[in-house]
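The following report describes selected features of a predicted model. It takes up charged pairs, a helix, the nonpolar cores and a sheet in turn.

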Amino acid sequence: MIVGFLIVFSSLLWMQDPLKDPPEPDSSAALVLEEFGAEDLPNGPGSFGFRSGNSMFLGGGLLPGSDPGDPDGLSDRLWTLDLANPDAGWSELALRLDEPVAFGTSVALGDGSALWIGGRTPSGTSRSSSLVRLGPEGPVFSPGPMLPRSITDPVGVLVGTLVYVQGGSVDGASSPSASVLLVHDLENPSTGWSLVPGIPRSGDRRLPVLSGHGGRLHVFGGVRTASPGDEADPVPLEDAWRLDPAPAPGGTWTRLPDPPGPLHGAPVPALEVGASFIMIPGASDPGRPSSVRPLHAYHTVTRTWTTRGTFPPCIGPAVPVLEGAGSFLVPGVRPGGPDAPARVLEVTPLLEVTGFTTLDWVALGTYLLLLVLLGVHFARGERTTEDFFLGGRRVPWWAAGVSIFATQLSAITFMAIPAKSYASDWTLLVQSLGIFVMAPVVAYLFLPFFRGLNLTTAYEYLERRFSVGVRLFGSAQYLLFQFGRMAIVVYLPAIALSAVTGLDVSACILCMGVLCIVYTVLGGIEAVIWSDVVQAVVLLGGALLIFLTCASGLEGGLAELHGRAEAAGRLRLADLDWDFTRATLPVVVIGGIFINLVPYASDQSVVQRYLTTSDEASARKAIWLGGIISIPASLLFFGLGSALYAFYEANPDRIDPIAKTDQLVPWFLVNEVPAGLAGLVIAGIFAAAMSSLDSSMNSSATAIINDFYRRLRPATSPTDDARDLRLARLLTVVIGSLGTLCALALVYFPAESVFDLWLETVGLFASGLCGLFVLGIFTRRPGTPSALLGVVTSVLLLLIVKSATDLDPLLYAGLGTLSCFVAGWISSLFMPPARPDPGTSFVNRSRT
């Protein structure tokens, strides 16, 4: 087995070349700029554009060499470029626009179509808009909603399903009315365009830079005429705004920090890079040489500005930006300088990867070797199925308690909770504290039945209380959910770790899967529990290490950290409202109760821990310990997010674009924490993912053997237990291999949405399953028909709520559990009473 570990770990080293320490990242290299194709742009300034698949189209604009004020210099031509073969050059289409037009705006609609809006024509300023999409024989144009006023030189952007158009010259002249914002809802096309109040007290704003990042309209800079009608004397604007949704009609404008210089006429929309950056290239800045423009970067979480290098000049204002797979195409850039030919520029975001140092590799290898040695150590005591499934009921209560806590702490959670408080606030803290609130409920109301009936799986209780059919349903539901979950809990952390450390995704998954199978097959539940203990210590210590590193990176230490987080609203504990469509305090409280009740009452991965201690009193102490640990752990994880916010707000140049906010914790580790320690905590994240996998493997094998194999094929001799132990180990290998292979399949055939749908669909039954336990324990009359009717009612209600309401998902667990209980109890009033086994509910337990 040690040889197997060395082979797996060596494969990681072979793929990554760990002996070479990584270079220092270049914070200015935010974008990679390359000319796309060999030919000059066929149109002049003011062109419209759109992209569909491997085809890019440009239409209208000025004829090459024409004067912007000459009506005869406008073009009605259409050109196309094959993106799969850009060196073949531009091809002119036989199709023509209805009339020559230039200096409107084109807004990509995200489905390969675009809306071309306004512009200047030979007869004046246009009020029309056109929807353009790619048909079998080329572009197809259809009339779009008519503008309320004619407009030229506007800028537009798509935000969700809303198309916003800002600025420009209205009715043929620059006017303060140009500050009014136009919006069109694609989901309600018949409503046409609506007027939305523009930025407060901004007057006439032309040629700003727009972005729809995060589902909100962002407006940066622009120009304002010094006096009405004076086009020759524009005043650059150096401000930034964000349009937030209601409560005010049309939304509420929020002032953002001012950019480092004036911004106007840049390509539109601004480039959205990674999870949190808005890059504004080509912005006009009088303080820079004419051959280059600054590349400004706005971070939407910390609300800070940095300058990340330069960008070549454009042929005119508001050049369209066409987004593709991982890059942007900007037609109308002069890479060779202001007098050079215009080309298409391909802009690729550079998501910097720092990589592991040699010390980090040593720490990671040592940690993973420790997990294998745990399996080898406990293998000597695994002689029976009770040893393999329940650790011979000899696990110390404190180890079981830490394992209960760690089982719920996946690698996704370790990265997601700090990311949540980093990007928003602490409003979900109450949900995490629900673990402690539910500890006495589980310890005194549920545990006596699990321990008193001498169970091996939670679903044995359902047979004793209802019937074997209900038991098989509960166990099958658990198994189906685990089979889908195993792939996700390994794949998502592997993606995050790979993105910021440079580790190969497939190697990460193989390493976790193979090592997990090794120590779980060898050591059974004892190896799983003790690996949980080590993992919890490392992750909590790692979180504390990151927190202290953040504080030491601020001149004012903890006081500055607290001040920055509080000033930004990152320490808000509750949303004091009764709105049940978002995470308000009542929603979080209800969600915290039931979201934690579901696994503690009905999930074999958690319930199995209760059964590994020597007696009920020890199990009760384990449950209490798990709940108590959750309090400081939750405070630490939420505080970690606030600390990361304060650190990066004070040091905005020290964070580069990352693909997802959930990658922030490992990003910080590999960039800010000393080598070796970073590798150890990254190893802890590996172990957290492995903990989720090993728990699913061992608990699934336990459920299959006890709920299906033994129940349907009872043992006939003492030697059958040895046979069952061999089968349990074989099942562990098969289950772990399937989970690992499914995770690998997601690497090469990405289908996260399919797995998410699978987990969501099977998860609809989870709260109903919890409702079955509540129904069985707290009532006596309901039998099998009532139990199954309760589950069906729960699933149907959740389906209706999910599809027909905006109720916050935090409430789903409560709805599913309570609806199962209520429907099961009410239906039992119209059926003959059940005769459950003695001691399976509070009523007949008290009678016995």
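## Salt bridges across the chain

Asp244 and Arg216 are joined by a salt bridge in which the closest N and O atoms are 3.1 Å apart. Because Asp244 belongs to strand 22 (residues 240-244) and Arg216 to the loop between strand 18 (209-211) and strand 19 (217-220), the pair ties together parts that are 28 residues apart in sequence. In the whole structure, the search finds 30 salt bridges.

Another salt bridge is formed by the side chains of Arg394 and Glu526, at 3.0 Å from N to O. This pair links distant parts of the chain, 132 residues apart, with Arg394 in the loop between helix 3 (385-390) and helix 4, and Glu526 in helix 9. Arg394 counts as partly exposed at 40% relative accessibility, while Glu526, at 7%, counts as buried.

The side chains of Arg572 and Asp425 likewise meet in a salt bridge, with an N to O distance of 2.9 Å. Arg572 lies in the loop between helix 10 (557-567) and helix 11, and Asp425 in the loop between helix 5 (411-423) and helix 6 (429-452), so this pair ties together parts that are 147 residues apart in sequence. Asp425 is buried, at 8% relative accessibility, and Arg572 is partly exposed, at 41%.

The buried residues are Ala399, Ala400, Gly401, Val402, Ser403, Ile404, Phe405, Ala406 and Thr407.

Which helices do the buried residues of helix 4 pack against? Their packing partners are helix 9, helix 11 (585-602), helix 12 (604-610), helix 13 (616-650) and helix 15 (677-712).

## Nonpolar cores

The largest nonpolar core contains 187 residues, and within it Tyr610 and Leu644 have the most contacts. Helix 9 (residues 505-552) supplies the largest share of this core, with 26 residues. When residues up to four places away in sequence are not counted, Leu644 touches Tyr422, Ile546, Cys550, Leu664, Val665 and Phe668. Another core, of 16 residues, lies apart from the largest one, and includes Val157, Tyr164, Trp253 and Ala318.

An open sheet is formed by four strands in the order 1-30-29-28, with antiparallel pairing. Its edge strands, each of which pairs on one side only, are strand 1 (31-36) and strand 28 (322-323). Strand 28 pairs with strand 29 (residues 328-333) in the antiparallel sense over two bridges, and the bridge partner of Glu323 in strand 29 is Phe328.

Terms used: Residues are numbered from 1 along each chain as its sequence is written. This is a predicted model: local features need pLDDT of at least 70, side-chain atom pairs count only at pLDDT 80 or more; totals for chains, interfaces and linings use all residues. Side-chain values use heavy atoms; hydrogens and water are left out. A nonpolar core is a set of buried Ala, Val, Leu, Ile, Met, Phe, Trp, Tyr and Cys residues joined through side-chain atoms within 4.5 Å. Buried means under 20% relative accessible area, exposed over 50%, partly exposed in between (1.4 Å probe, protein chains only). Contact means heavy atoms within 4.5 Å. Two strands pair if DSSP finds at least two bridges between them. A salt bridge is a side-chain nitrogen of Lys or Arg within 4 Å of a carboxyl oxygen of Asp or Glu.
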